[in-house]
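Here is a quick tour of a two-chain model for anyone new to reading protein structures. Have a look at it first, then follow the notes below.

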Amino acid sequence: MTAIPTMSANSAEAVVIGASAGALEALSVILPALPAEYRLPVIIVVHIPPDKRSVLVELFQAKCAVKVEEAEDKIAIRDGTAYFAPPDYHLLIERDKSLSLSSDEPVLFSRPSIDVLFESAADAYGPALIGVLLTGASQDGAHGMKAIVESGGMAIVQDPHSAFAPAMPEAAIAACPGALVLSLQDIATYLGSVQRQ
Amino acid sequence: MLEKTEDIEIRLLLDALYLRYHYDFRHYAPASLKRCLNQAREQLSFTTFSALQEQLLHDASLLPRLLGYLTVQVSEMFRDPTYFRAIREKVVPHLRTYPSLKVWIAGCADGEELYSLVILFREEGLEERTLFYATDINQEALARAEEGIYALDRIRLFTKNHQDSGGKSSLSDYYSADYARACFDRSLRQHVVFSDHSLVTDAVFAEMHLISCRNVMIYFDRALQDQAIGLFKDSLARKGFLGIGAKESLRFSNHSASFQDFVREERIYQKRAE
């Protein structure tokens, strides 16, 4: 396994995850590995077509021990719950640790946008945030990862060599040279272990 | 804990915007607002919000440019076609029973939702008896709504949405196109009043049978959402209808008891008789 993350895992209050092409397979390694009594909320943006009803929630509800929900506007974030951004809306995190949706214009052709989630999460959680960027064919998430690092949070990027689509993790690594680059399995193990340390 | 300089600056800027121009963004959802403000600051070439605030206070010409970043929402005609289908199939039969109708499109931005409803009402034979109020706080957006001109490359999506919503005519009946633009027919505006109105600072102005306000309240914090819902409640005739965005809800509102679900999955509510 790769080097031990520098951030004290006990100080983490939330995990944000961004994924695009290949997201389903990648998340299927990570989310089911989280235990039922998981201490942190996990807030997720996956690029999905705007006109499709998302099946992500139902799919992962069946696979996961943690609660899985679609993010709703202005609800308070609960620990031990995974939230997916709904299709065709940006998902943001407020300072009071509630969720907000917006229909602002797509960013880098995407709504929901990973950058929008990550930047707002960095602002809300500061150093108590773990950002995870997975497989994808766009540049989304690189700015957001940079914001997380600049706020003192931890940046974890899927190893591009093992990613279904390497462009997105590569862009994030270029923007954040200090990011921890891990395989999916190691990301799953690390996130699953956060609460036990 | 001490506040960050930028947060203090943003608060002061919002105060200035309200005190000087009476535009009140102080209860907008902060995360999205901050994102828009950052875009405005960068693209208007200010290094700090304090510098932006100084010019805003002394130069009113900056106001519309700033508002452009804070308020303009890009929508689609017949966005979420199932919503418009529900209006057509479930709400229209009730509206038919009234000799005259008032419809309020609150936060109409560039007018896509307005034209969708006018076309739907024309198809259903209700346009002649209806007065539409299209309101927004952004004057420039209102002017664009009144022009009814949209980029031609958006029309394909509008047309598909219109068909999916159960449209009974062809969308091309309502516009003329040149190489880049589609200009919607002026006859669609015969029954429309365009007006500057703020859900934050303005009051009831007419008794409505249908209010459509989609993806506007998601930009508000809980308190302001509740205030807007109260305004809609007071503006509706008894048994009037309120349609909101697919991801919005009355569930958390103090006024929720005044409404009942009418088409639950499309977020269409009916004001209770009492």
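In chain B, strand 8 (residues 236–244) and strand 10 (residues 268–271) run antiparallel and pair over three bridges. Strands here are DSSP runs of E with at least two residues, helices are runs of H or I with at least four, and both are numbered from the N terminus. Two strands count as paired if DSSP finds at least two bridges between them. Keep in mind that this is a predicted model: local features need pLDDT of at least 70, side-chain atom pairs count only at pLDDT 80 or more, and totals for chains, interfaces and linings use all residues. Residues are numbered from 1 along each chain as its sequence is written, while chains are lettered from A and ligands numbered from 1 in the order in which they are written.

**The sheet in chain B**

- Zooming in on that strand pair, B:Gly243 has B:Ile268 in strand 10 of chain B as its bridge partner.
- Seven strands of chain B make an open sheet with mixed pairing, in the order 6-2-1-7-8-10-9.
- Strand 6 (192–196) and strand 9 (259–263) of chain B sit at the edges with a single partner strand each, so one side of each has no neighbour in the sheet.

**Helices on that sheet**

- Helix 6 (residues 112–123) of chain B lies across strand 1 (101–106), strand 2 (130–136), strand 6 and strand 7 (208–213) of chain B, and runs at about 175° to strand 2 of chain B.
- Helix 7 (residues 139–147) of chain B also packs on the sheet, where it touches strand 2 and strand 6 of chain B, and its direction makes about 170° with that of strand 6 of chain B.
- These angles run from 0 to 180 degrees between N-to-C directions, using axes fitted as lines to C-alpha atoms (for helices, over the stretch in contact).

**A hairpin in chain A**

- Strand 5 (residues 90–93) of chain A pairs with strand 6 (residues 99–102) of chain A in the antiparallel sense over four bridges.
- A:Ile93 stands opposite A:Leu99 in strand 6 of chain A.
- Five residues lie between the two strands of this hairpin, and A:Lys97 takes a positive phi near 60°.
- Which way do the side chains of strand 5 of chain A point? A:His90 and A:Leu92 point one way, A:Leu91 and A:Ile93 the other, and all are buried (20 or more other C-beta atoms, placed from the backbone, within 10 Å of the residue's own).

**Chain A overall**

- Chain A has six helices and nine strands.
- Buried residues make up 55% of its 197 residues.

Notes. A residue is buried if 20 or more other C-beta atoms lie within 10 Å of its own, exposed if 12 or fewer, and partly exposed in between; C-beta atoms are placed from the backbone. Two residues are in contact if their C-beta atoms, placed from the backbone, lie within 7 Å.
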